[in-house]
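Here is a friendly briefing to read beside the model. Please have the sequence and the 3D view open as you go.

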Amino acid sequence: MTIATFPPEPKPDQGRSRYFGFCTDAKVIGIQYIVTAFFFFLIGGLLAMVIRGELITPQSDLVDRAVYNGIYTMHGTIMLFLFIFPVLNGLNNLLIPTMIGAPDMAFPRLNAVAFWLVPIFGFLLMASFFVPGGPAYSGWWSYPPVSIQNPLGHLINGQGMWITAVALSGVSSIMGAINFVTTILRMRAPGMTLFRMPVFCWTALAAQSLQLIGLPALTGGAIMLLMDLTFGTSFYRPEGGGDPVLYQHFFWFYSHPAVYVIILPVFGVFSELFPVYSRKPLFGYLYVALASFIIVGLGLIVWVHHMFPSGVAQWMRNLFMVTTMLIAVPTGVKVFAWLGTLWGGKLRLTTPMLFCLGGLFNFVFAGITGIMLATVPVDIHVSNTYFVVGHFHYVIYGAAVMGIFAAIYHWFPKFIGRMPYEGLGKLHFLLTFIGANLNFLPMHPLGLMGMPRRVSSYDPEFTFWNVVASLGAFLLGVSIIPFLLNMLSAWIRGPKATHNPWNAIGLEWLLPSPPPEDNFGEDVPTVISRPYGYGSGQPLVEHQDEIERRLELMEASA
Amino acid sequence: MTTTTLPQPGAPAEHEEHPKHNLTGFIIFLCSESVIFLAFFSGYALLKTSALNWLPEGVEGLEWQTPLVNTIVLVSSSGTIALAEYFKNREKMLLFRGFWLMSMAMGAYFLYGQAVEWSGLRFGFTSGTFGGTFYLLTGFHGLHVATGILLMGLMLIKSFIPGNYQGGEQGVQATSLFWHFVDVIWIILFLLIYVWQ
Ligand SMILES: [Cu+2]
């Protein structure tokens, strides 16, 4: 037998111009997603700096109160819809096809359209800063009745643009989800059964299923909100017989699962990276994979925990308290599996590994405050305080964003073909980890003391913790500098990466770095074992030795 | 070890059947789309059960006989489209086109009936939550009917491309699935709006 064309000759014509146009290659789209997401990350981050700058003193002295409302609304909206979701879809685009041995996504054109919607609704959201009345100011959740006020009476207003942008983001995400699910279900390499699939693909499948089930509910709710705002219907207007709490149901039916859409792929990243950097198989692969779907099932029936103070019936509070706490079980299974993987392993503290460990630490902390928030009496006590803000920033920044950084450092060599610098990476990690904890930990005592969220001035007794939090936030702002420096300089002149610089096991590491346009093309290797065979010496695919020898020859001759 | 061979270039690898994924993707889309309707239905039920004055002043209720006729027409079109698909699979293109066109006409009749009904109603979109949900549900569904008719028109035109419908063409299958979906949604809608008064 022979391997006829693999690995293929590198094509010199893959110019950088492909990154600026309508390209249907998932690897290009993945990078487009990630770069676009970080562009908006900087804008959202800048807004966060303004917020923390305002809160460093008890008086409202930096920005106008009305402007402040717009700023935190846009900060949340940008970070979720224009940073986290796009950056994760970027990772999905890069990793899913290469991990399962597919040449591309199932629907490459749909994929490109889904991406190009992101800058479009991003632009729409940014434009809302410049319309009369300014951007939406009703918080990232846009609860009515605040969100159905249109005091200036303009047809085009910040809130209307916000709703349209969020609906477009939903359309884009649904397109993406259809693509990812179809690709994972239908385009796996020969021999790669579902239970031989890397955990990242399991978590992506779970997260994208949640998008498909949850997002339409939000879209439906948003359509009704837009009609109330624009055409004078009264779905959520109590004076017309409507019910504002109905919107909360629609919103949280999606937006609670949205947390899992964000965190599940990060669980996937943890599950991929811990085995690599501790040289041990993933502990309890089967349970880690299946726990993702238990989280999906439970995640769909917990949304009312956001509405405990909204006048819902007591039986509903009790029920949703229990379901929320049950989620700790599958999540706990995963945490123990990761600890089991690390236990007794030969740990290599590379930048991606440090980000994983830091992210896991923060996640466990967020899990504990999550259980506290699930408890009805505690929740009602701290509802709408900084405790909640602290909790979800630990989840989103502390765990998810750190996991995303881990993924970027880990797979950068694969898709860019160059190595990022370890020194800058470790500096980035240190600043991020310290900054995040310094920023978000003080929010918990503040919340317990009773400081409400979404205020630009506060009682002077809250000053100390607010100053600490602001300093942490500025540290986080600074932490982006070594990251950007690292990415840019490594991209331009970093040392060339071999096909498998971390000595990892997975189909993507059997491709050249960067992979050719159609990945394995026709010569998809046949998978013969489960992933994460670290230390077992067992090959992942047929003819692995030959594939690796060819890759090494190619690298030696380059 | 050496007895197995890797697929040679040009040999049919699993990934080559890209168009085969279209139907999978479309079914996933339909499942997702049904959640929007589910959201509207549950919103309708919630608003209705908790309303103090559900019907706007001067409105007694909805007339249901004519909508029932519409319903029967729409639901039977699910049968005619299935027949059309049956004949397409047997390559009887004339019968396929006939039944296909008939389903389109039945869909168009349904839309016409709905337009007539709308124009005769004494409440508007902003007449409380009753008016809002009524027009939202029927309008959103009507949009799907119109989309279905457009899709069917497209498939009809494509059927005149020689050889186009021999083999892997999934557009007909997807369109007919979409049409059944629109019908099922309407049945639930009819029960919710006209029967449960
Ligand atoms: Cu939640």
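The second largest pocket has a lining of 41 residues, and those nearest its centre are Leu110(A), Met175(A), Ile178(A), Phe26(B) and Phe29(B). Its lining takes two or more residues from each of helix H3 (108-127), helix H4 (158-186) and helix H5 (199-231) of chain A, and from each of helix H1 (21-50), helix H4 (128-158) and helix H5 (171-195) of chain B. This is a predicted model, in which local features need pLDDT of at least 70 and side-chain atom pairs count only at pLDDT 80 or more, while totals for chains, interfaces and linings use all residues. Residues are numbered from 1 along each chain as its sequence is written, chains are lettered from A and ligands numbered from 1 in the order in which they are written, and side-chain values use heavy atoms, with hydrogens and water left out.

**Confidence**
- The model scores ipTM 0.89 and pTM 0.93.
- Chain B has an average pLDDT of 86, and 88% of the residues score at least 70; pLDDT is the predictor's confidence in each residue, from 0 to 100.
- Residues 1-17 of chain B stay under 50 in pLDDT, and the model has 35 contacts for them beyond four places in sequence (contact means heavy atoms within 4.5 Å).

**The second largest pocket**
- Its space comes to about 1,200 Å³.
- On a 1 Å grid over the protein atoms alone, a pocket is an open set of points with protein on both sides within 12 Å along at least five of seven lines, a cavity is a set where a 1.4 Å probe fits but cannot get out, and lining residues have an atom within 4 Å of a point.
- Grid points are joined across faces, edges and corners, and a volume is the space filled by probe spheres set on the points.
- By class, the lining of this pocket has 26 nonpolar, 12 polar and 3 charged residues; Ala, Val, Leu, Ile, Met, Phe, Trp, Tyr, Cys and Pro count as nonpolar, Asp, Glu, Lys and Arg as charged, and the others, Gly among them, as polar.

**Cavities**
- The whole structure holds 4 cavities of 30 Å³ or more.

**A helix pair in chain A**
- Helix H12 (residues 386-416) and helix H13 (residues 422-440) of chain A pack at about 175°, with axes 10 Å apart; helices are DSSP runs (H or I, at least four residues), numbered from the N terminus.
- H12(A) and H13(A) are therefore roughly antiparallel, a term for angles over 145 degrees.
- Residues of H12(A) in the contact include Tyr394(A), Tyr397(A) and Phe405(A), while those of H13(A) include Phe429(A), Phe433(A) and Phe440(A).
- The residues of this contact comprise 9 nonpolar, 6 polar and no charged.

**Backbone details**
- Most residues other than glycine have a negative phi, and most peptide bonds are trans.
- The bond from Pro144(A) to Pro145(A) is cis, with omega near 5°, and Pro145(A) sits in the loop between H3 and H4 of chain A.
- Ser513(A) and Pro514(A) are also joined by a cis peptide bond, with omega about -10°.
- Asn503(A), not a glycine, has a positive phi of about 60° and lies in the loop between H15 and H16 of chain A.

Note on methods: Axes fitted to C-alpha atoms, helices over the stretch in contact; angles between N-to-C directions. Parallel < 35°, antiparallel > 145°, perpendicular 65-115°, else oblique.
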